[in-house]
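Dear colleague,

Please find below the structure I wished to pass on to you. My notes on it follow directly after.

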Amino acid sequence: MDGTTITIGRRVYYSGDRQKVGRYFAAEYRDDTGKQVCESLKVTSKAAARRKAIEIAQRQERGEAKVVESKVTISGLVASYFEIVQARGLAQKSQAKYRTDLDKLEAFCRQEKVNLAYHYNRELFFKYRTWLVEQEYADKTVYGALTLCKQVFKWGYQEGMLREYKLVNAKVEKAHAKPQPCFTNEEVELILANTYGQERVAFAVLAYEGLRIGELEQLEWRDVNFANGDLGMLHICRGGSIPGKTKSKRDRFVPIHPRVRPLLETLPRYRGEPRVFPGAGVAERKLLKRLKEVCKEIGLTNPDCYKLHSFRHHFASMCANHQVAYKKALAWLGHRSSDILDLYYHLNDAESQSAMAALAGDTFSELPSEEKMESEATAPSGGGGEGKMRAKGESNIENLSEDEWEQELLTLLDGKAETSGRG
C-alpha cells in the first residue's frame with residue numbers, strides 16, 4: 001500500500017501437499033511494539049481490502065490499539081453465569097429454573113452455529129424469541145427466557161468478559177399471565193362438605209388463609225395462637241424450598257378466618273409431633289389427587305384443571321372483592337408486588353351480572369313517562385342530575401382522581417360477592 005507500511009494480499013497455506021490460497025484478504029504490518037501482525041480483513045475484493053488497510057493506517061496514526069474481541073464462548077459464558085447463580089444460595093427450584101432457561105439458550109446457539117459470545121447480537125436475540133415461540137413455550141416462559149438471556153450478556157459485559165453489551169436496546173414486552181382456575185365460595189363450601197377430618201381442615205386453611213401447600217405441610221402448633229385477638233393468628237415462617245424459611249424468606253402473620261378456627265380446634269394433638277398436619281394425609285400429591293376426585297364428584301366443569309394453588313387464588317380474589325387494602329392483602333399472601341394480586345383478582349359471571357344490574361338499576365329503575373320527558377326537556381338547566389351535568393361537561397366523575405374513581409366504581413359492585421370465578 002503506497003504511503004503506508006502495510007501489505008495486503010491473500011494468505012497462502014498448505015493442506016497436505018497442496019498449496020491453497022485463502023478466500024479473504026489479509027493485512028501484514030508491525031504494531032506499535034514492532035511486532036509483526038497478520039490481520040484478516042474479512043473481505044474478498046481488492047478495493048475493499050485497500051479501504052480496510054487505510055483504516056488500519058489511520059488507527060496507527062491515532063495511536064489506537066487493535067480491538068481484540070473476546071474469545072469467550074456461549075457455553076463458557078453460560079457456565080460462568082450459572083456458577084454465580086449457585087453461589088448466591090438460591091433454592092433448588094430456582095436453580096433448576098435458571099438451568100432450564102440457560103439450556104434453551106445454548107440449544108438455540110448450537111442450532112444457529114453461534115459459538116463465540118461476542119457474535120450474539122440483537123438480530124440473533126429476536127431470532128431466539130421466534131425460536132422459543134415456535135417451540136410452543138407459554139408467553140410467560142418466553143418472557144422469562146429472554147429476560148435471563150439479557151441478564152447473562154449484561155453480566156458478561158459488566159465482568160469484562162465481553163467488550164460491549166449488544167442487547168441494550170433489545171426490548172421485550174412483558175407477558176400477560178393467563179387466567180388461572182379459581183374456586184368460588186360456593187365451590188369451596190361444596191368441597192368442604194364432601195371431605196372429612198384432616199383433609200377437610202387442610203382444604204379450609206388453604207382456601208381461607210391463602211397458604212401455600214409447603215407452608216401448610218410445615219405449619220406447627222406453636223405457629224397457631226388462638227389467644228391473639230378475637231380471631232387468633234397464624235405465624236407463617238417456614239414451608240419454602242430452603243428449610244426453615246418461607247418462599248419469600250420472610251415471616252408473615254395471617255389472622256385466623258372464623259370459618260377455619262373451629263375446624264383447627266377439632267384436630268388432635270399428638271405428643272412429640274409439632275406439626276398441625278402430621279403424617280402423609282396432607283402430602284402434596286395425595287391432597288391434589290383427592291382434590292381432583294372431589295371436584296369431579298361435585299360436578300365442577302373441567303375438574304382436572306384445578307390445583308391446590310387454586311385455593312390461594314380464591315383467597316386473593318376474596319381479599320380483592322372485599323376491597324382489602326393491597327398492602328394488607330400482599331402481607332397476608334407473602335408477596336411484594338401488587339401485580340400478583342392483580343393476577344389473582346377474578347370476577348365470575350354472577351358478579352359481573354350483579355355489577356351491571358347495579359348500573360342499570362341506577363339508570364332505569366324508574367323510566368320517565370312521555371309527559372315527564374317533555375317537562376324535563378323544557379326545564380332550565382343546572383339541576384342536580386348526573387345526566388344534566390354530563391350534558392354540560394360538568395360530570396363530577398370526570399373530576400375524580402383515578403383512585404377516587406376506582407373506589408366509586410367499586411361501590412357499584414355487589415358487596416355480597418366474595419370470591420371469583422375462573423376468569
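In this predicted model, eight bridges join strand E1 to strand E2 (residues 18-30), and the two strands run antiparallel. One of the pairs links Ser15 to Arg18, its bridge partner in E2. Helix H1 (residues 46-62) packs on the sheet to which these strands belong and touches E1, E2 and E3. The direction of H1 makes about 30° with that of E2.

The sheet itself is open and has three strands in the order E1-E2-E3, with antiparallel pairing. Its edges are formed by E1 (7-15) and E3 (36-40), each of which pairs on one side only. On average, neighbouring strands of the sheet are turned by 50° against each other, with direction ignored.

I next considered helix H2 (residues 74-87). At 1.5 Å a residue, its 14 residues should span 20 Å, and this agrees with the 20 Å that separates its end C-alpha atoms. Which residues of H2 are buried? They are Ile74, Leu77, Val78, Tyr81, Phe82 and Val85. Viewed down the axis of H2, these buried residues fall within an arc of 130°, and therefore they line one face of the helix. As a general point, an α-helix has 3.6 residues a turn, so residues three or four places apart point the same way. The buried residues of H2 pack against helix H3 (92-111) and helix H5 (139-158), whereas Glu83 and Ala87, on the other side of H2, are exposed. Just after H2, Gly89 adopts a positive phi of about 75°.

The largest nonpolar core comprises 46 residues. Within this core, Phe183, Ile191, Leu216, Leu264, Phe277, Leu287 and Phe311 touch the most other members. Elements that contribute two or more residues to the core include helix H6 (185-193), helix H8 (213-217), strand E5 (233-236) and helix H10 (284-297). Helix H7 (197-209) is also among them, and H7 gives the most, with eight residues.

Leaving aside neighbours within four places in sequence, Leu287 is in contact with Glu199, Ala202, Phe203, Leu206, Ile213, Leu216, Gly281, Val282 and Leu308. A second, separate core has 34 residues, including Leu77, Leu124, Val152 and Leu167. Leu77 is also one of the buried residues of H2.

With kind regards

Note on methods. Residues numbered from 1 in each chain as written. Predicted model: local features only at pLDDT ≥ 70, side-chain atom pairs only at ≥ 80, totals over all residues. Heavy atoms only, no water. Pairing = 2+ DSSP bridges. Helix = DSSP H or I, 4+ residues; strand = E, 2+ residues; numbered from the N terminus. Axes fitted to C-alpha atoms, helices over the stretch in contact; angles between N-to-C directions. Contact = heavy atoms within 4.5 Å. Core = buried A, V, L, I, M, F, W, Y, C linked by side-chain atoms within 4.5 Å. Buried < 20%, exposed > 50% of the residue type's maximum accessible area, 1.4 Å probe, protein only. Expected span 1.5 Å × (residues − 1). Arc of directions from axis to C-beta.
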